[in-house]
Amino acid sequence: MGILTALTVVFVPGGDAFGYRFFWRTVDDAPLPVAADASRWDPAVWGPGRTLHFVVADSPGWTEPWEDARGEEHDPPFATAEDVIPFARRALAVWSAPPSTDIQWSVAGVGGELHAERDHVNAIRMHPFGHGTSYADIWDRNGVIVECDVSLNPRHTRDLDGAALEVLIHEFGHCLGLAHSAPFPTWDTWGWCRGLEPALWDTDPVMSYGYLPEPGLTEDDLIGASLLRPAPGWLDRVGSIAGQVTVGGRAARYVPVFATRISGEEVVASANTFTNGEGFFAIEGLSPGGYLLAAGAMGDIDGNSSLVDRGATLGSTDQYLLDPVRVVAGQETRAPPIPLREGREASPFRRE
Ligand SMILES: [Zn+2]
């Protein structure tokens, strides 16, 4: 390990660093925009300080039996479409509660039986198949978001009082403009072999398919949301870290970089980003303080397949910089280079 010094420079927006958590203007999830270049809501549709309304679509599926992937039939998820409203409100409130965000959104009630096409109504729908996934359709006009429809898979309605609420929270995160972030570099994200988690890492971000013990957000999710819709003054109170990751002397493409805030001897919280195609990264929205940086092979190939398609570096060791990098409000701190070695292949987990 070389000499690890961090040089503080004044933040230059739109520099050579890229972040990841956001959709690009094409409402695709690549290349990797910094917050300033992320797709945001059309201010005419959802301006600062305004409330965005959703309706629960009167999809027949809410109140009809459904069949899972094995052909097994299940009872209707709800007695009426109105019964969905409290869960939708609870999931939306998770994003609107933090004081660092300017997010106000509501569920206006049950609307008509809305379909997938853009119709200027933000809808929460029941997706008719029990063997797919839940998803968000984000509609844009010239790169600005004008509508979002969330389709919930019936199998995700079975535990909306518990873990499945996280699915709704995740889809609403996409509606905000958040793409998938990276799970932390522990063994597995589904609750197995997580011995190191409490000691070093946060729970995986909701936007990386993490499940929290109680429905909520991790620091990483919260930073992404706050960067997209910051509360007045918040951006002045945070800073960023930018740098470059290499593997075998070449750019490490689309590898996750983790910044873990420390306080004295203790770790507090972590946030992550991905490098761009040249190995550059920027982690924005960080509270002032000392951060340990780590980088390594991608842990979730399924969740970030667009980055794999663009040639992400998949074979590398993890690297940890043990000398903290200091974040100062309103500034970008240049991190020392993070050199990875070729070696370990990414070990993806597979979803159903
Ligand atoms: Zn997702």
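Two strands pair if DSSP finds at least two bridges between them. I jot that down to begin with, and I remind myself that this is a predicted model.

**Entry: strand β11**
I looked up β11, residues 256-263, and its partners. Eight bridges join β11 to β12, residues 266-274, and the two run antiparallel. Across this pairing, I found A259 standing opposite A271 in β12. Together β11 and β12 make a hairpin, with two residues between them. In that turn I noted G264, which has a positive phi of about 60°.

Then I turned to β14, residues 289-295. It is joined to β11 by six bridges, and this pair is antiparallel too. Here R261 stands opposite Y291 in β14.

Is β11 buried or exposed? I checked: six of its eight residues are buried, so the rest of the structure largely encloses this strand.

**Entry: helices α1 and α2**
Next I looked at how α1 (residues 85-96) packs with α2 (residues 165-176). Their axes are 9 Å apart, at an angle of about 55°. The two helices are therefore oblique to each other, and their crossing is right-handed.

Which residues of α1 meet α2? I listed F87, A88, R90, A91, L92, V94 and W95 in α1, which meet L165, L168, I169, F172, G173 and L176 in α2. I sorted the residues of this contact into eleven nonpolar, one polar and one charged.

**Entry: the chain overall**
I counted five helices and 17 strands in the protein chain. Of its 352 residues, 47% are buried. Among contacts with a separation of 6 or more, 72% come from residues 24 or more positions apart.

Definitions and conventions. Residues numbered from 1 in each chain as written. Predicted model: local features only at pLDDT ≥ 70, side-chain atom pairs only at ≥ 80, totals over all residues. Axes fitted to C-alpha atoms, helices over the stretch in contact; angles between N-to-C directions. Helix = DSSP H or I, 4+ residues; strand = E, 2+ residues; numbered from the N terminus. Parallel < 35°, antiparallel > 145°, perpendicular 65-115°, else oblique. Left-handed = near helix turned anticlockwise from the far one by under 90°. Contact = placed C-beta atoms within 7 Å. Nonpolar A, V, L, I, M, F, W, Y, C, P; charged D, E, K, R; others polar. Buried ≥ 20, exposed ≤ 12 C-beta atoms within 10 Å, placed from the backbone.
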